[in-house]
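Subject: Structure for you to look at

Hello,

Here is the structure I promised to pass on. Please have a look, then read my notes below.

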Amino acid sequence: MTPIVTFIGWHDSGKTTLASQVVSHLKARGYRVAVIKSSKEADVPFDTPGTDTAKHRMAGADSVMFVGPDKMVLQTANENLPLVVLAYKYCADVDIVIGEGFKDAPKVAKIEVLRDRARMLRKKVGGVLAVATDLDDVEGGNIFRLDQSLELAQFIEKRFLLGQRNGQDRAVLFVNGRRIALKNFVQDVLASTVHGFVGSLKCVDQIEEIEEIELRIRLPKT
């Protein structure tokens, strides 16, 4: 498990200054460092000049997360990960991820919002399932008006959410940030093996029912 060390103290005690200095020292020694900053105050700005989160970023932290009563914000370096990897890595506990942009993302369902017929993307990129537009005579199926957000949401629900539990992959494998396709029987074997091992651990006895297991393996560099 990744070690966690937190700096505590009253307001204006110098926690941020000291913690950011430690971050700088650890970065200088070649370590990757993430910072998680908590606050009891609402409406706190994130990563603007002078804020605590900005100081940690200036100190060289690889990732900075802010956790407040009204929001949680994560900022991290852009590793140029594809949309599918971003969704699995950072949004694993939701039922659906709605993206904005990523028109060139392969094997990802897309809904085009069209206002200029001359710039239509449906025939130029793959995966466009529907078009939202107020233009007349747009060809193709699943055409929605721009004021039909409810109908569009119902379309998404019917296509991707209703009964999705039965269609979900049992096991998902990523190697160095790249998703590896697994046949159904491989998923079943992998899921059953890990489930059986985890279920045998004494510390898991207090969990009434295991619904999901996440396992990350980091191999030593050779």
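Lys 37 is buried, because its relative accessibility of 18% falls under the 20% cut-off. Note that this is a predicted model. The side chain of Lys 37 meets that of Asp 52 in a salt bridge, at 2.9 Å from N to O. Lys 37 sits in strand β1 (residues 34-38) and Asp 52 in helix α2 (residues 52-58), so the bridge ties together parts that are 15 residues apart in sequence. Asp 52 is partly exposed, at 25% relative accessible area.

The salt bridges come to 8 in total. Some others are worth a look.

Arg 145 and Asp 134 form one of them, at 3.5 Å from N to O. This pair links distant parts of the chain, 11 residues apart. Arg 145 is in the loop between β6 (143-144) and α4 (149-161). Asp 134 is in the loop between β5 (128-133) and β6. Both ends are partly exposed: Arg 145 has 34% relative accessibility, and Asp 134 has a relative accessible area of 41%.

Asp 188 pairs with Arg 170 in another salt bridge, with the closest N and O atoms 3.4 Å apart. Again the pair links distant parts of the chain, here 18 residues apart. Asp 188 belongs to helix α6 (residues 184-199). Arg 170 lies in the loop between α5 (164-167) and β7 (173-175). Asp 188 is partly exposed, with a relative accessible area of 32%.

There is also a network of salt bridges, which links Lys 27, Arg 32 and Asp 62.

Next, the second largest pocket. Its space is about 160 Å³. Met 65, Met 72, Val 73, Leu 74 and Tyr 90 line the pocket. Strand β3 (residues 72-76) gives the largest share of the lining, with 3 residues.

Ile 36 is in strand β1. Ile 36 is exposed, with a relative accessible area of 61%.

Phe 7 comes from the segment before α1 (15-28). Phe 7 is partly exposed, at 33% relative accessible area.

Last, the backbone. Most residues other than glycine have a negative phi. Which residues here have a positive phi without being a glycine? Asn 80 is one of them, with a phi of about 55°. Asn 80 lies in the loop between β3 and α3 (83-90). At 64% relative accessibility, Asn 80 counts as exposed. Phe 102 also has a positive phi, of about 60°. Phe 102 is in the loop between α3 and β4 (110-114). Phe 102 is partly exposed, at 39% relative accessibility.

Best wishes

Notes. Residues are numbered from 1 along each chain as its sequence is written. This is a predicted model: local features need pLDDT of at least 70, side-chain atom pairs count only at pLDDT 80 or more; totals for chains, interfaces and linings use all residues. Side-chain values use heavy atoms; hydrogens and water are left out. Helices (H or I, at least four residues) and strands (E, at least two) are DSSP runs, numbered from the N terminus. Buried means under 20% relative accessible area, exposed over 50%, partly exposed in between (1.4 Å probe, protein chains only). A salt bridge is a side-chain nitrogen of Lys or Arg within 4 Å of a carboxyl oxygen of Asp or Glu. On a 1 Å grid over the protein atoms alone, a cavity is a set of points where a 1.4 Å probe fits but cannot get out, and a pocket is an open set with protein on both sides within 12 Å along at least five of seven lines; lining residues have an atom within 4 Å of a point. Grid points are joined across faces, edges and corners, and a volume is the space filled by probe spheres set on the points.
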